[in-house]
Amino acid sequence: MPPLMDYMDSGQRPTQKKSIVLVVSPLNALIRDQVTKLKQSGLKACIMKGGHMEGEEEEKKEQEGLAFSAIENLKEFQLIFAHPEALVGNKNVIKLLKTAEFKHRMKAIVVDEAHLVVDWKDFSLSYEKQATIGSILPQVPLLGLTATATKKTRTDIIESLGMVNPVEILGNPDRPNIYFSSSSRPDRGQDKLNEILVPLVESLKKERTKFPFTVVFGTLETI
């Protein structure tokens, strides 16, 4: 996204990397995976953690037990990933985002896994107060992304993030490599699950590493 924004601003292949995109994400595993892939693509990305940040050099320093870079160095990065806790209520970060340079260079605020704004609002006040991020930079477009939102959840997300007349883009959740199936089993007996599990085990023995990732759901009563 930042290279595209730079191109749109200049009308030609950009020679300077000016645009910044802020990504609010709740899960460490997701953030680290995305940052690694972005670095491999040549984009400068970092993870903001409270009063410091973690970039490529900082990862090495973390392993060596050394200090992180100062939060003021955020302007050196094109994509900034952060937990809600690192943004909401952090006076130093808010002060930095309000500077003229960030107001000019910030092109989008992205809330990943946006359904957690609703699901986790009672778990953490930081999720409930994410609307304050948009209020700091009201001129910056706000994008919420989720793959698990019902119509009611989408409405709650829009309200929680303080969006006004947003454009909703819905994609078909159907995927050729994902399918659901249901099976019945006998009510009792030690082998009541055999009809379900034995075919899976046999296929697993035959296909081994080529066997597709499979999740078997069942209640305690069912099992």
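Predicted model: local features only at pLDDT ≥ 70, side-chain atom pairs only at ≥ 80, totals over all residues.
**View 1. Strand 1, tucked in on both faces.** Strand 1 covers residues 20–24, and five of its five residues are buried, so the rest of the structure largely encloses it. In a regular strand, side chains alternate between the two faces of the sheet. Here Ile 20, Leu 22 and Val 24 point one way, while Val 21 and Val 23 go the other way.

**View 2. Strand 1 and its pairing with strands 6 and 5.** Strand 6 (residues 106–111) runs parallel to strand 1, with five bridges joining the two. Look for Ile 20 opposite Met 106 in strand 6. Strand 5 (residues 79–82) also pairs with strand 1 in the parallel sense, this time over four bridges. In that pairing, Val 23 sits opposite Phe 81.

**View 3. Thr 153 in helix 10.** Thr 153 belongs to helix 10 and has a relative accessible area of 16%, which is under the 20% cut-off, so Thr 153 counts as buried. Its side chain makes a polar contact with the side chain of Thr 150, at 3.0 Å. Setting aside neighbours within four places in sequence, Thr 153 touches His 115 and Val 118.

**View 4. From the Pro 173 loop to the end of helix 11.** Pro 173 lies in the loop between helix 10 (151–160) and helix 11 (194–207). Pro 173 counts as exposed because its relative accessibility is 69%. Thr 148 is 25 residues away in sequence, yet the C-alpha to C-alpha distance to Pro 173 is 9.1 Å. Helix 11 has 14 residues and spans 19 Å from first C-alpha to last, close to the expected 20 Å.

Methods: Residues numbered from 1 in each chain as written. Heavy atoms only, no water. Buried < 20%, exposed > 50% of the residue type's maximum accessible area, 1.4 Å probe, protein only. Polar contact = N/O pair within 3.5 Å; in protein donor to acceptor, adjacent residues only side chain to side chain. Contact = heavy atoms within 4.5 Å. Expected span 1.5 Å × (residues − 1). Pairing = 2+ DSSP bridges.
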